[in-house]
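Have a look at the sequence and coordinates first.

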Amino acid sequence: MKKIEIWEPWFFLFFGVFHLHRIWGLLDQKSYADFWLGIMENKGALYYLTMGVLAALCIWGIGIFIKKRHHNFWWRWVYVFGGGYVLFDLFAIMVGLEFWHGLILKMYDINAPYWNLLWSFFIVLGGLSFALGVTLLLKRRK
């Protein structure tokens, strides 16, 4: 039987807010890039907290997908593909894969002509995720 689990709307709401915070990157490119590059380079408590929460949510989502494999909604594929990407991203950052580090440096290059397009994409993704979370929350309450 298909059932929206109690935490599923909150998963999408969290990732929605996480991506929507990138509006800051459009408003103040330098402080946004400095903040996140500093987090990744210093690997302090906020780094490990952020990475831990993101990894735990992705693993949880993939687990839900597997557990409900015969009764999945279309949006649970996000757990597999989005979660898989995030887990790879976190792994690549953690172990310091050179090519990935270079890619991240290019993403946070405030002089790049693609800056607004790149971060606008993530903001739209966040808006869609947040809207899905609200929709699931409303459907679950019915």
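What percentage of the 142 residues in the chain do buried residues make up? They make up 39%, where buried means under 20% relative accessible area, exposed over 50%, and partly exposed in between (1.4 Å probe, protein chains only).

A word on ground rules: this is a predicted model, where local features need pLDDT of at least 70 and side-chain atom pairs count only at pLDDT 80 or more, while totals for chains, interfaces and linings use all residues. Residues are numbered from 1 along each chain as its sequence is written, and side-chain values use heavy atoms, with hydrogens and water left out.

**Overall picture**

The chain has seven helices and zero strands; helices (H or I, at least four residues) and strands (E, at least two) are DSSP runs, numbered from the N terminus. The C-alpha trace spans about 50 × 30 × 25 Å along its principal axes. Take the contacts (heavy atoms within 4.5 Å) between residues at least 6 apart in sequence: 70% of them join residues at least 24 apart.

**The α4/α5 pair**

Helix α4 (residues 45-67) packs against helix α5 (residues 77-95) at an angle of about 150°, and their axes lie 8 Å apart. Those axes are lines fitted to C-alpha atoms, for helices over the stretch in contact, and angles run from 0 to 180 degrees between N-to-C directions. On the α4 side, the residues that meet α5 include Tyr 47, Cys 58, Trp 60 and Phe 65. Their counterparts in α5 include Trp 77, Tyr 79, Leu 87 and Met 94.

Tyr 85 lies in helix α5, and Trp 119 sits in helix α7 (residues 115-141). Tyr 85 counts as partly exposed because its relative accessible area is 40%; Trp 119 has 0%, so it is buried. Leaving aside neighbours within four places in sequence, Trp 119 is in contact with Arg 22, Leu 26, Tyr 32, Met 107 and Tyr 108.

Here are two C-alpha pairs involving these residues:

| Pair | Apart in sequence | C-alpha to C-alpha |
|---|---|---|
| Tyr 85 and Cys 58 | 27 residues | 9.3 Å |
| Trp 119 and Met 107 | twelve residues | 8.8 Å |
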